[in-house]
Amino acid sequence: MQGRPGPSEHETVGAYALGILDDAEATAFEAHLATCEWCAQQLDELAGMEPMLAALADLPGSGSPAIGESLSAKPSPRIVHNLVDEVAEHRAQKRRRSFYMVAAAAALIVAGPFAAMAASGGSDSGGDDGNRVVAAANPAKDLFTGIENKVSGSDAKTGVTATVGLDGKPWGTQTGLELKGVKGPLKCSLIFVGKDGQRETAASWSVPKWGYGIPDAKTEQARNPLYVSGGVSMAPDEVDHVEVMDFDGNKLVEVDV
């Protein structure tokens, strides 16, 4: 594998991940990204950082007004570089922990088949890459997969497709969402609309510039769907339909229940 490249376009990956490039800069970087394996890998490593920062900026009473201001203005190259390095180190620590977990699982295999099954959660989808098992953990996707009652809908105008799972609970409805064809940057909400017209927000999230569920995207992160979990107080039989809306009030897709 090649080492870390020198300055120039390679250092733009952090600013691109944060969504702070202007249109001309973003277009230039995307042209570079199409031919640079290192930048594509770094972009995958940084996936999820921009939504996390956006959510942090929206926290009420955070006592740090500079956070919100920093997301609306370009940070200095040094700040972006430090953010990139910090996230990269965090990802590296997670990979090291994954390696230790795989080593422990290997020791259990020696102890006997039953112990190995308990350590792997009863999964037989492994293969010889232990990191694959750990990295594949996605609670929102697992919840969505486990819900039997699912409904889907698409919007020809926006190109967005949503599949919503509804699981009745004593307190209301637990939901899992699979979203495809959505491009950012956007902030969105999953809204349940009752048969009586009542509206409840089940979840909210940010969509980075590269989007989710885009078949011809350059990175795996952008090609994969987005999975979101949430809940509302109304029972499944009280729901008329579900909407995915952006924060500007635009409906991206509606799913009839």
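Predicted model: local features only at pLDDT ≥ 70, side-chain atom pairs only at ≥ 80, totals over all residues.
Student: Take β2 and β3. Over how many bridges do they pair?
Tutor: Strands of a sheet pair through backbone hydrogen bonds, either parallel or antiparallel. For β2 (residues 161-169) and β3 (residues 172-180), the sense is antiparallel. The count of bridges between β2 and β3 is nine.

Student: And which residue in β3 is the bridge partner of T163?
Tutor: β2 covers residues 161-169, and its partner β3 covers residues 172-180. Look across from T163 into β3 and the bridge partner is E178.

Student: On to charges. How many salt bridges does a search of the whole structure find, and how far apart are the closest N and O atoms of D167 and K169?
Tutor: Searching the whole structure turns up four salt bridges. One joins D167 to K169. D167 is partly exposed because its relative accessibility is 27%, and K169 is also partly exposed, at 34%. Their closest N and O atoms are separated by 3.4 Å.

Student: Which residues are linked with K251 in a network of salt bridges?
Tutor: K251 meets the side chain of E243 in a salt bridge at 3.6 Å, N to O. K251 also forms one with E254, where the closest N and O atoms are 2.6 Å apart. Counting the whole network, K251 is linked with R199, E243 and E254.

Student: Now S189: which side chain does the side chain of S189 make a polar contact with?
Tutor: S189 lies in strand β4 (residues 186-194), and it counts as buried because its relative accessibility is 10%. Skipping residues up to four places away in sequence, S189 touches T201, A203, S204, W205, E243, V244, M245 and F247. The polar contact between side chains, at 2.9 Å, is with S204.

Student: Last one, E30. Which residues is E30 in contact with, leaving aside neighbours within four places in sequence?
Tutor: E30 has its place in helix α2 (residues 23-33). With a relative accessibility of 26%, E30 counts as partly exposed. Setting those sequence neighbours aside, E30 is in contact with Y16, K209 and K218.

Student: How far apart in space are E30 and A40, C-alpha to C-alpha?
Tutor: E30 belongs to helix α2, and A40 is ten residues from E30 in sequence. Going from C-alpha to C-alpha, the separation of E30 and A40 in space is 9.8 Å.

Definitions and conventions
Residues numbered from 1 in each chain as written. Heavy atoms only, no water. Helix = DSSP H or I, 4+ residues; strand = E, 2+ residues; numbered from the N terminus. Buried < 20%, exposed > 50% of the residue type's maximum accessible area, 1.4 Å probe, protein only. Polar contact = N/O pair within 3.5 Å; in protein donor to acceptor, adjacent residues only side chain to side chain. Contact = heavy atoms within 4.5 Å. Pairing = 2+ DSSP bridges.
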